[in-house]
Amino acid sequence: MTPHFSHSIEQISVEELDQRLRTQPMPALQLIDVRESEEVAIASIANFDVLPLSQFARWADTILVRFDPHVETLVMCHHGIRSAQMCQWLQQQGFTNVKNIAGGIDAYSLAVDSTIPRY
């Protein structure tokens, strides 16, 4: 996966993510975390499916089976770079409502939930 962005990627703030997680039923959102398992063990948010980018070859062929390309999909990583790459790839797979979580879990820890460890 290369960091070539041909489509603009919509962003969602961590504050908006927090509000959505509190008010929206989960089937209405698909949540993907592309960090490594070791990172998720340190800091995580409930209900995110973990798809580490380093294991892309393992899960890439199942993405359209595991997720609905027409349901809003929010993607997170540590700071927002890997998740932006994932958003780009999802758009190339036909996903129509993909948003990158700006600042990733680090920003979420700083702005929303300080009990989530920073690393």
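**Strands, cores and charges**

Tutor: Start with strand β4. T73 and V75 point one way from β4, L74 and M76 point the other way, and all are buried. Keep in mind that this is a predicted model.

Student: How confident is the predictor, in pLDDT, for this protein?

Tutor: The average pLDDT is 93, and 93% of the residues score at least 70. Residues 1–5 have a pLDDT below 50. Beyond near neighbours in sequence, that stretch has 10 contacts in the model.

Student: What makes β4 and β5 a pair?

Tutor: Count the bridges. Pairing needs at least two bridges between two strands. Strand β4 (residues 73–76) and β5 have three, in the parallel sense. Therefore they pair. V75 stands opposite N100 in β5, and T73 stands opposite V98.

Student: Which strand does β4 meet through four bridges?

Tutor: Strand β2 (residues 30–33). β2 and β4 run parallel. There, L31 stands opposite L74 in β4.

Student: Which strand is joined to β5 by three bridges and has residues 10–12?

Tutor: Strand β1, and it runs parallel to β5. E10 has K99 in β5 as its bridge partner.

Student: Which residues of β5 are buried on each side?

Tutor: V98 and N100 are buried on one side of β5 (residues 98–101). K99 and I101 are buried on the other. Both faces are covered.

Student: Which elements make up the β-α-β unit, and what is its hand?

Tutor: β4, α5 and β5 make the unit, and it is right-handed.

Student: How do you know that S83 is buried?

Tutor: Buried means under 20% relative accessible area. S83 has 0%, so it is buried. S83 lies in helix α5. Leaving aside its neighbours within four places in sequence, S83 is in contact with V34, V75, M76, C77, N100 and I101.

Student: What does the largest nonpolar core contain?

Tutor: It has 18 residues. I32, I63, V75, M86 and L90 have the most contacts inside it. Helix α5 (residues 81–92) gives the most to this core, with five residues. A second, separate core has 15 residues, including I12, L17, L29 and I45.

Student: Now the charged residues. How many salt bridges does a search of the whole structure find?

Tutor: Seven. Take K99 and E10: their closest N and O atoms are 4.0 Å apart. The limit is within 4 Å. The pair forms a salt bridge. It links distant parts of the chain, with K99 in strand β5 and E10 in strand β1, 89 residues apart.

Student: Why is K99 called buried but E10 partly exposed?

Tutor: Use the cut-offs. Buried is under 20%, exposed is over 50%, and partly exposed is in between. K99 is at 12%, so K99 counts as buried. E10 is at 47%, so E10 is partly exposed.

Student: What makes R20 and E72 a salt bridge?

Tutor: Their side chains meet at 2.3 Å, N to O, and the cut-off is within 4 Å. R20 lies in helix α1 (residues 14–23) and E72 in the loop between α4 (63–66) and β4, so the pair ties together parts 52 residues apart in sequence.

Student: Are R20 and E72 buried or exposed?

Tutor: R20 is at 11% relative accessibility, so R20 counts as buried. E72 also has a relative accessible area of 11%, so E72 is buried.

Student: What makes E10, R20, E72 and K99 one network?

Tutor: Shared partners. E72 forms a salt bridge with R20 and another with K99. K99 also forms one with E10. Salt bridges that share partners join these residues into one network.

Definitions and conventions
Residues numbered from 1 in each chain as written. Predicted model: local features only at pLDDT ≥ 70, side-chain atom pairs only at ≥ 80, totals over all residues. Heavy atoms only, no water. pLDDT = per-residue confidence, 0-100. Contact = heavy atoms within 4.5 Å. Core = buried A, V, L, I, M, F, W, Y, C linked by side-chain atoms within 4.5 Å. Buried < 20%, exposed > 50% of the residue type's maximum accessible area, 1.4 Å probe, protein only. Helix = DSSP H or I, 4+ residues; strand = E, 2+ residues; numbered from the N terminus. Right-handed = clockwise from strand over helix to strand, strands pointing away.
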